Amino acid sequence: MSDTQTLIENRPPSVATLFLERVSATPDAEAYRYPVPAASGEGPDEWKSLSWGQTAERVYAIAAGLIELGVEPEQRVALSSSTRIEWILADLGILCAGAATTTVYPQTNADESAFIVSDSDSRVLFAENAEQLAKAQEKRAELPDLHHVVVFDAEGVETGDWVLTLAELEARGAARLEKDPDLIKEKVGALTKDQLATLIYTSGTTGRPKGVRLPHDNWAYMAKAIAATGLISSEDVQYLWLPLAHVFGKVLTSGQIEVGHVTAVDGRVDKIIENLPVVQPTYMAAVPRIFEKVYNGIANKARAGGGAKYKIFQWAAGVAREYAKVTQDNFRRTGTASAPFALEAKHKVADALVYAKIREAFGGKLRACVSGSVALAPEIGFFFAGAGIHILEGYGLTESSAASFVNPGEAYRTGTVGKPLPGTEVRIAEDGEILLRGPGIMEGYHGLPEKTAEVLEADGWFHTGDIGELSPDGYLRITDRKKDLFKTSGGKYIAPTEVEGQFKSVCPYVSNILVHGADRNFCTALIALDEVSILGWAKENGLDGKSYAEVVAAPVTVEMIDGYVKQLNEGLQRWQTIKKFRLLPRDLDVEHGEITPSLKLKRPVVEREYKHLIEEMYAGTREK
């Protein structure tokens, strides 16, 4: 048995156990950094730190506080908050109390939040602020088993028997620990690997969300398997901004505890650009939308700088892509990421003119980024790879505890999601569906045995619903969601995400695109533009002062986007080409239910909302 297998197979029963081991091993080492806004409300945030020992003090107090509130092993405690240090402290406190965390996105409306809290039978709710508390108060009559709400930010909050602040909970816990100092060690020691640790509700495209049951063993396996990849070390600094209510954000906390590196935590997306040079991360995880926004921002800034600057950027972008493709190909064949002398020379010049500034904007120390949730357009991946920002694509689902595949460091291949984590098995079904088996797979859907049986076979194989291909040496390429593939009336299969990804790498103004064409005789597209980018373009093209809706309705804008659609079509098979498109009057968003909080497109919702535009594009055409 290899060292890696031994490490994984001899894993402890829970991440709570790993946390206690980490605190014992490196109590004085820095664990977390978090921002505190300036007292005046102006100026930069002040970043503060917690050592592992200080983290444990707060976590144990929270755990003991929950026990004082009557929370018992495996009972659910809901957590409705954006990504911040208190989220991590509360989650670890819940686990160390032997309870299970139910995650709720802060954007979730009152009805769906109440459904999740009720369906999970959560006894306590951690609420970020008055806004999250208000949702619970509005639905209190429907939540008879919710005994307490604990609020992180007390401003504007009236406390009492039902509502208490995090500080009050910690004080109760600290008092309990004075009387019973071994309480947490005993609770964690009693945990078994099969006990429920986390309930994450998937944002379904239709109907109510399903609660995915993830026992303690899932996270202990993830922690050990991530460490076994060798992608992170104790010297790393991670910048964590992803939603912790989502499995992708949550799994990053497990790997960190096992390895013991520093994590800087701040979920404010509008602060990413400002935070990167301050935090100077060595690695961070993101979703493709962030890389698309950064790429579009760079392209638009270059365009605004005038014709010469834009030409330099376009040349440098072309060099970056060529360099990435050649070096990755050479590494695959020879084990050395080399390039011909002439290309190396061009790359060196482009680096001085363009790439070095991009790396500086990411903080200057970034070794790698991990991208997941949805597919990254390969051309955008190749651009960043050539610029020295190495994006390691990975793949997993809520039902597989997030990380089933990841690209292996230097040997990464843009356009693939890499190889399975140690201990995870994969096979491709006859219809192309990806099946997974291993210690990361969920126990099942909460209270839904029939739904569980639809995707989880008796021998442990999980049906992902994704279509993919495995290379002879084990790299996986995702081609589409099984349910998203459609057939035109001419009998041709189309993978819409492939076409959508290509358009995102061609057009610097796109925010979201949906390709439609099921049972139709040609494909069409609904396109939403990025507001900041398109208003910047509008200023330069005689539309200054116009609203977003007015800009996208302007013939000159439609004509400009049409040019990018034609460019896209040149690289597509005839039956894949976009014959007509419509620009949407606003971008798609979470609030309207058109994208999930993890920025996945909800196709049925968008198609229903804009049915009139789809029908308009097919009006007057003869359908087969």
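**Exercise 1.** Find which residue in S6 is the bridge partner of Phe126.

*Solution.* The bridge partner is Val150. Take the strands next: S5 (residues 122-127) and S6 pair in the parallel sense, over four bridges. Two strands pair if DSSP finds at least two bridges between them. Strands (E, at least two residues) and helices (H or I, at least four) are DSSP runs, numbered from the N terminus. The model is predicted: local features need pLDDT of at least 70, side-chain atom pairs count only at pLDDT 80 or more, and totals for chains, interfaces and linings use all residues. Residues are numbered from 1 along each chain as its sequence is written, and side-chain values use heavy atoms, with hydrogens and water left out.

**Exercise 2.** Determine whether the residues on the two sides of S6 (residues 148-151) are buried or exposed.

*Solution.* In a regular strand, side chains alternate between the two faces of the sheet. One side of S6 carries His148 and Val150. The other carries Val149 and Val151. All are buried (under 20% relative accessible area; exposed is over 50%, partly exposed in between; 1.4 Å probe, protein chains only).

**Exercise 3.** Describe how H13 (residues 307-334) and H14 (residues 341-361) pack.

*Solution.* Start with the angle: about 130°, with the axes 9 Å apart. Axes are lines fitted to C-alpha atoms, for helices over the stretch in contact, and angles run from 0 to 180 degrees between N-to-C directions. H13 and H14 are therefore oblique to each other (under 35 degrees is roughly parallel, over 145 roughly antiparallel, 65 to 115 roughly perpendicular, the rest oblique).
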